[in-house]
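Biologist: I am new to this one. Please show it to me, then take me through a single part in detail.

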Amino acid sequence: MLSTPFVTVDVTVLDANLRAMADHATARGLALRPHAKTHKSPEIARRQLALGAVGLTVATVSEAEIFAAGGVTDLFIAYPIWPSPERAARLRALTEQAGVRVGVDSAESAEALGRAVPGLEVLVEVDSGHHRSGVLPAQAGAVAVAADKAGSLVRGVFTFPGHSYGPDRQRPAVDAESAALSEAAATLTARGLDASVRSGGSTPTAALSGDTLTEIRPGVYVFGDAQQVELGTCGWEQVALTVTATVVSRSGQRFILDAGSKVLGADQQAWATGGGRLPAYPDARITALSEHHATVVLPAGHVVPKLGVRLAVVPNHVCATVNLADELIVVDGGEVVDRWPVTARGANT
């Protein structure tokens, strides 16, 4: 028997989630380029590509290197890369293994990339309301011109509607995304540059993706998590990844599981109901996460599980959980059928 805590993936649920998103993208006429920072697994990437994904999205050059080594030939690094000499050398080597696109969000970085990696394909990142990286839509054309003059190949624009992560925020985020990408693409077209790629989307907004998009980049959909359930993006039956933990202490209506923030991750939005959820105890709330403790509280009158009982925990943010795991324990019908290494764990450079 495996020692807890460990991360489990139900392969039947996983494959159903992969098929559903692939079918959705096909029905909407959208290219599907899933974000691999969620699963960090070449095995899951192969499943996505087999179902029609055009390639993968990654967050870092090191993630791109790992997936290229695993046979992925079309990669988008959705990040405003600054080409330090070391990183530029890695990018040049990467372009010899796969088709690579990267994000830019300033004329300065576009010029530096063009000098460092001639002929690199780029998309201009646009801020559609998340207020992280990205330029205002009206400024996209100027960045694209700088990239073009520096020798890069401009292919379009992209954004991340991260402000969709909250109750009732999905529709406004989709509308803002559509307007921002439309305006940004028009600024490229007005300068005679290619704006054929308009890339966006997220797991909370995928079902609502607007007509402006040509490509969507959801990531969390492969596994689901407590955030997505609480947002209404998926149901508990669509959650493919859980953490198996053991009850190690109990007192009154409180009990402790041996999976803390170093396993579950520490992410907790202000609107979340706790530090994760327990499907077997829907009324329970994880009220605190220490490094190796999850404090769970049950309402009065509920029977507290006994010491030694194993429970499944659905983490709040599955991307953080996977990045903390060495491997995924793959189950089918409750039986362990495989182990998949988290190959791109810690690939942060």
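Biologist: How many Å apart are the mean positions of the positive and negative charges of the chain? Then look closely at Gln170: in which helix is Gln170 found, and is Gln170 buried or exposed?

Modeller: This is a predicted model, where local features need pLDDT of at least 70, side-chain atom pairs count only at pLDDT 80 or more, and totals for chains, interfaces and linings use all residues. Residues are numbered from 1 along each chain as its sequence is written, and side-chain values use heavy atoms, without hydrogens and water.

Charges come first. The mean positions of the 29 positive and 35 negative charges lie 3 Å apart. Lys and Arg count as positive, Asp and Glu as negative; His and the chain ends are left out. Each charge is placed at NZ of Lys, CZ of Arg, CG of Asp or CD of Glu.

Now the setting. The chain has 10 helices and 16 strands. These are DSSP runs, numbered from the N terminus: helices are H or I with at least four residues, strands E with at least two. Of the 349 residues, 54% count as buried.

Gln170 is found in helix 7, residues 170–189. Gln170 is buried, because its relative accessible area is 12% and buried means under 20%, with exposed over 50% and partly exposed in between (1.4 Å probe, protein chains only).

Its side chain reaches two backbone oxygens: that of Ser164 at 2.6 Å and that of Gly166 at 3.0 Å. Leaving out residues up to four places away in sequence, Gln170 touches Ser164, Pro204, Thr205, Leu208 and Leu231. Contact means heavy atoms within 4.5 Å.

Note on methods: A polar contact is a pair of N or O atoms within 3.5 Å; within protein, one must be able to donate a hydrogen and the other to accept it, and residues adjacent in sequence count only if both atoms are side-chain atoms.
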